[in-house]
Amino acid sequence: MLKITWIGHSCFKLEKDGYTIITDPYADGSVPGYTPVHEKADMVLCSHEYADHNFRDGVELIERSGLPFHVEVIETYHDEVCGKKRGPNKIFIIDDGENRVAHFGDLGCELTPEQMEKLQNLDVAMVPVGGYFTIDAKQAADTVCLLKPEIVIPMHYRSVKYSFGYDVIGTVDEFTEIMESRAVQNRANGAMARPASMIRRANHGHIMDNVKTLSGSEIEIASTNASGSQVIVLQPRNIAI
C-alpha cells in the first residue's frame, strides 16, 4: 500500500514497504506559514533549483538498496516562455509497481502532446494550482481533465484560514470549484456516475467524494479503480498553527 503525506507547499512524502521518497523540500523560512522540513528518506526529488523546492539539506539520506520506486523525468518549464523568466521544471513520474504518481513541480507551461502521452494512466497527480509562479486554477483543471488521473492532490497555493503560502498565489478554492462544476456538468450530460473507489485516509476507512477536503495530511491508496478524477484536498502537516 502506498502512503502519501503532504508536508507543505510542494513537498510530499511517499512511503511504501518501509522506503521513502521526499519531493521538493523547502528551505527554512522560504515559504510563509510552514515549519521546517526535517526528514529521512531513501531519495530526494527536486523539480527545480529554487529555495522553496530544493532544500536537500532538510532530508537525511538513507543509503540502502531495494528501493521499490522507479522514477521517470519529464523536462518542462517554470513559465510560459520556455524558461526565459524562471527556468526549467521537472515533472516526476514515480512508479511503485502498482501506482503511477506524477509530481508536477512548478509547472508553468502547457504540456506538449508527447508529454501528455507520457502522463497517461496516472493513479495520482500532484498539481500546482495557485498561479503566478505556476499554472493557475483553470490551467490546472484543464490539464487534469485532459489527463484524467484517478486522484488529484492540489498543491502550491495559499490558505487564508491557516496563513500559509505566498500572498501573490491563489487559494485552492477556485480549483476545487472548477472541478466540482465540471463534474456536475458531466453528470447533467449523462456521464456515468463515479463508482466508489478504495482510497482511504491513513488509519481511517473513509470513502472520498468527487471533491473532498480532509482534516488530515495523509492518505493511503489501496486501489484506484474508478472512472474520472477525484480531487483530494489534504491538510499540510507542517503548518505553523
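Residues are numbered from 1 along each chain as its sequence is written, and side-chain values use heavy atoms, with hydrogens and water left out. Because the model is predicted, local features need pLDDT of at least 70 and side-chain atom pairs count only at pLDDT 80 or more, while totals for chains, interfaces and linings use all residues.

Side chains of opposite charge can pair when their charged atoms come close. The structure holds 9 salt bridges (a side-chain nitrogen of Lys or Arg within 4 Å of a carboxyl oxygen of Asp or Glu). One of them joins Lys16 to Glu98, with the closest N and O atoms 2.8 Å apart. This pair links distant parts of the chain, 82 residues apart. Lys16 is buried at 7% relative accessible area, whereas Glu98 is exposed at 57% (buried means under 20%, exposed over 50%, partly exposed in between, with a 1.4 Å probe and protein chains only). Arg56, partly exposed at 38%, forms a salt bridge with Glu49 at 2.7 Å between the closest N and O atoms. Glu49 counts as exposed, at 52% relative accessibility. Salt bridges that share partners also join Lys13, Glu39 and Arg237 into one network.

Turning to Leu45, this residue is buried, with a relative accessible area of 8%. Residues that Leu45 touches include Ile21, Val71, Phe92 and Ile94, not counting residues up to four places away in sequence (contact means heavy atoms within 4.5 Å). Leu45 and Phe92 are 47 residues apart in sequence, yet 7.9 Å apart in space, C-alpha to C-alpha.

Technical notes. Helices (H or I, at least four residues) and strands (E, at least two) are DSSP runs, numbered from the N terminus.
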